[in-house]
Amino acid sequence: MIMSGLVTLTTDFGTRDPYAGIMKGVLYSSNPNVTVIDITHDIAPHDIIDAAFTLARVFEYFPAGTVHVAVVDPEVGGQRKNVALKTDRSIFIGPDNGIFAMVLEKTKPNEIREITNPPFILDKISSTFHGRDVYAPCAGHLSSGKNFGDVGPVVERLKKLDFPEITYKGNVLIGEVIAIDSFGNLITNISRHSFKSFIGRQNAEIFFGPERFQKIMDHYSEVPKGSPLALFGSSGHLEISMNEGNAASYFMTAKGCKVSVRKS
């Protein structure tokens, strides 16, 4: 794989504290020619599912040879491994806590290694900041073209993610809200493929709280301003949204709320 020189960062660090900036300092120290792109530092704190879903939505839009670093790590300093995954087009770096599970539904790793060897780690490793001491130096060196096989020993399998699954009860499919974006769109775990496989050639109604949607819209402006709607968003998942409004505030809801699809 020819490296692009790009490294992306997805974390729950926020921007108030210096953590993301420190990681960038280590990245540039490891590879002065690197280009660092922030996907987001606003993953909900400790929310591995949010991070996994975010990473799976973005990695395919980057060129071959991009290194993706994801750090949402409530077990930092514990027994979980620090890992690097190599696929045909990309490298992924982060904790072995399920954070790459949704990526691996779209692409398969050719090689997985535990990050243990210098220069891919710093001389001193904090028990609370592996983003700085392990993931950033590893990403910097790999983005510069260093040999992936030198990172550390092979890892045979990764931890699975406890991801909310859709369920079926007769002619009803039941999913739930797994993400809420900054516009207040309620993104569910019901993919377009799952939806179409379930309803087949039949029509369907979507139930969310007191609301019943008899049609899935193609775009927000199909309903009046301030009105809720159901549509498939850019992630390919069913969303409960609002035209020029905030569905999360309107419904006073949160992640985990159920959404039902009933054949009609």
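Helix 2, which spans residues 48-58, is mostly covered, since 10 of its 11 residues are buried, where buried means under 20% relative accessible area with a 1.4 Å probe and protein chains only. Helices here are DSSP runs of H or I with at least four residues, and strands are runs of E with at least two, numbered from the N terminus. Among the buried residues of helix 2 are Ile 48, Asp 50, Phe 53 and Val 58. At the start of this helix, a side-chain oxygen of Asp 47 comes to within 3.3 Å of the backbone nitrogen of Ile 49.

The model is predicted, so local features need pLDDT of at least 70 and side-chain atom pairs count only at pLDDT 80 or more, while totals for chains, interfaces and linings use all residues. Residues are numbered from 1 along each chain as its sequence is written, and side-chain values use heavy atoms, with hydrogens and water left out.

The table turns to the nonpolar cores, sets of buried Ala, Val, Leu, Ile, Met, Phe, Trp, Tyr and Cys residues joined through side-chain atoms within 4.5 Å.

| Core | Size | Residues, among them |
|---|---|---|
| Largest core | 26 residues | Val 7, Met 23, Ile 93 |
| Another core | 25 residues | Phe 53, Phe 100, Ile 178 |

Leaving aside neighbours within four places in sequence, Ile 93 is in contact (heavy atoms within 4.5 Å) with residues including Val 69, Phe 100, Ile 115 and Leu 142.

Methods: Buried < 20%, exposed > 50% of the residue type's maximum accessible area, 1.4 Å probe, protein only. Polar contact = N/O pair within 3.5 Å; in protein donor to acceptor, adjacent residues only side chain to side chain.
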